[in-house]
Amino acid sequence: MRMLAVFEKGERIRHIGHLDIQRSVQRGLRRSGLPVAYSNGFNPHILITFASALSTGACGKREIMDVTMAEDVSEEEFLTRMNQAMPPEMQLSEARAVDQKHPALMASLRAAEYDLLIREKDTADKLVGAISAMMEKDAVLATRKTKTAVRECDIKPLIYELKGEGQHIYATLVLTEKEACKPGMLIEALAKEAGIEGEIRVLITRTGLLGMDENGNLVPLETL
Amino acid sequence: MDLNDKIEKILEKVQKAPRYTGGEMNTEVKGWDDCPLHFGFCFPDTYEVGMSHLGMKILYGLINRESWSLCERFFMPWTDMMALMEEEQLPLLSMESRHPLNEFDVVGFTLQYEMSFSNILAMLKMGRVPLESRERGENDPIVVAGGPCAFNPEPLADFIDAFMIGDGEEVMTELNRVILERKEKGFSREKCLKELAKLEGVYVPSLYDVRYNEDGTVASVTPNCPEAKTSVRKRVVTDLNSTYYPEEFPVPYTEVIFDRIMLEIMRGCTRGCRFCQAGMLYRPVRERSMEKLIDLAEKLQASTGYEEISLSSLSSGDYSCLPELIRELMKRMKDKRVSISLPSLRIDSVLKESLEETQQVRKTSLTFAPEAGTQRMRDVINKGVTEADLLGKVRDAFEGGWSSVKLYFMSGLPTETTEDLDGIADLARKVIAEYFNVPKTQRAKGLRVTVSVSVFVPKAFTPFQWAAQDTLEKIIAKQEHLKQVLNIKGVTFHWHEPFVSFLEACFARGDRRMGNVLKRAFEKGCLLDGWNETFRYDLWMEAFRECGLDPAFYAHRERSKDEVLPWDHIDSGITKQFLWHEKEKSERAETTKDCRKGCNGCGLQRWKGVCSYANARSV
């Protein structure tokens, strides 16, 4: 069986990179004493995947791990034992046992929800104020940086939902294995619209990972 | 902007932010107001170095275990962080509760290597603690220090209020109790330091006056008050089974240098290598029992989730039941997928069987430390290892499927000649020959022999404490020679920067006046001297000039038998007489036997019941 578990990456540890988060979860599993499955081979490792890598600097409210178990355990036991074994900044909130044949999370991922806290009030007001004008445009251009290239792209089709409230911008953005609108791209486009230059300090929190149900609605990935 | 906002802003800009953010598994955050005594544990180097250090884990657990004391960690920030902190006027903050260093009652530094000394000044300054002991007022923390470099405390005498000499496990709590008592009763700083001076193993430098001779050597170091002892005797934990050892270690999120369970199987070493300060300072040898170690290994595995256990000590191969211990650990750790590694593998230990067991989990490169290239030189330094021993172990390793071997040597040892340097190359060639002697079908591919040659630094409390270090010209010439003779196919040659070793030699045997040089160098911008990219040799030399001191006086001068050495008032357990006797034997290339084969009379026999190999009648 596999266990899908929802965990948090707290604000204090938001600068920890994905590889280190992965290692920390693995060590947590080893501390928990839960019967996890290991790979065969010379350097055995725990069979675990993550629905999506979270950027360095971002917090996560509902990140998802997918752990293959060597023996069946109950969801409650998994949660209790893991929460004893994990540091306060990486606690688990839910666990769901699924069949070995359950589709891979990464393949079902469609979008992510974000809560973007703009640190300076003036800047926040301007950015929030620019949302409706930006969304009325036919195309919203932003720069996409990959390892090899930097190019402009239209992020409008990648935005499911966008709204502002106080110093927060709430966004639901496309996130699949093939394409993604990163929060930084959205802020960049909004800044351009609002005529703001210079660095904008944003606290990024990914609040959910979403998949699509048979009716075409975005739903929490772990419920699929 | 409030404190946390400032910190967040900095963390967004700084490189390697996780060094500064804390929150790791097993880092205790006790309520600040719940504990009357606050101890700020400072590791005077970066997070990655400090978090690899076993002593810190021990004392961190020990202090936090007491209901009345709290311990939080401080590390040396990297230069980018220092600049950002200065810009935002942020003080040095603890990893746990983000309290500034000067709000702690005790500030404790661990002194692992001389090249971290400038970081102590930097951390005090960033922590807003007055640099010099005499400048500190009633509300400033008591600044203490311990660790191997505390055995020659003099270069730091101006900056440290009290040194703890020897094993820290017992004296730490005693010291904290005195400081707690001061806090509760409100007695003066001066009285507190005098109370500390009464504790065994505590040295309060301000209670001693140093006089110098005209030639710059020390004339005397004498107590200036009745509380100060004429000679400060080091603390020794006699039973490792009953002394405190943590059952959980902090587990960093990011990779640090030693990111694994460190199981201290014994303390001390009986070999008596004459260059080795640790071998002298950590005497006598004390073992932890197998039962205790297995219990600790299981608890630490469960509390950390680490994938690897390393057995640590100065000479793990000498542990009395090593093969049994390794076998038992492997048996218990196999299902947990934990590998066992032996870091300081000595080449003359009976380990073939154990080697075969190690590789069943993971095969890494093997490290051997012959230290010198010829038998004569090895006899001079009392490294009781022969070429045949070394080659036998190497052959075993190659037959066992290893193909990567590291060989450690020193250059600049007393009496060293070109022949001894050439011996290093000869040994490397013989190691290669052993590899090719193993039939092709039986050996692993990809032979790699790494030869590392460090520069010898004479240290206090060793038989070479009177010796002159080679001059820089000599060292550089020797390194050039080694580069030529070690230009061998299959051999990678590493050498050390001689300038760092030269400065290390000045501090290792420095007197109190070296404190001026340290302060001046720090004011000029010297810090993080253990790192190539930040080490500023030119500034250090300027500092010496401006203080009117000659570094050669400390590094390159041979001392006479009757010279008062700056650390003579510290009693390491080993007598000066024994060390001189050893020095004379080394000049005749005579060896001294392992203490396990009979007491050599190093001086510990004076202390009843401390050393299990001691014989009171020994000379």
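Colleague: Say a polar contact is a pair of N or O atoms within 3.5 Å (within protein, one able to donate a hydrogen and the other to accept it, and sequence neighbours counting only if both atoms are side-chain atoms). How many residue pairs in polar contact sit between domain 1 and domain 2 of chain A?

Modeller: There are 10, both residues at pLDDT 80 or more. This is a predicted model, where local features need pLDDT of at least 70 and side-chain atom pairs 80 or more, while totals for chains, interfaces and linings use all residues. Residues count from 1 along each chain as written, chains are lettered from A and ligands numbered from 1 in written order, and side-chain values use heavy atoms, without hydrogens or water.

Colleague: Where are the domain bounds in chain A?

Modeller: Domain 1 is 2-106 and domain 2 is 109-223, from an automatic or database assignment.

Colleague: And how many salt bridges between them?

Modeller: The count is 2, taking a Lys or Arg side-chain nitrogen within 4 Å of an Asp or Glu carboxyl oxygen. Arg62(A) and Glu222(A) form a salt bridge at 2.6 Å, N to O.

Colleague: How much area do the two domains bury?

Modeller: About 1,500 Å², 52% of it on carbon and sulfur atoms; that's accessible area (1.4 Å probe) lost on being put together, summed over both. Cys59(A), Arg62(A) and Met106(A) supply 29% of what domain 1 of chain A buries there, more than any other three residues.

Colleague: Switching to chain B: what order does the open sheet of 3 strands have?

Modeller: β10-β13-β14, paired parallel. Strands are DSSP E runs of at least two residues, numbered from the N terminus, and pairing takes at least two bridges.

Colleague: Which strands stand at the edges?

Modeller: β10 (261-264) and β14 (339-341) of chain B; each has a single partner, so one side lacks a neighbour in the sheet. β13(B), residues 308-312, is joined to β14(B) by 3 bridges, and Ile309(B) faces Ile340(B) in β14(B).

Note on methods: Helices (H or I, at least four residues) and strands (E, at least two) are DSSP runs, numbered from the N terminus.
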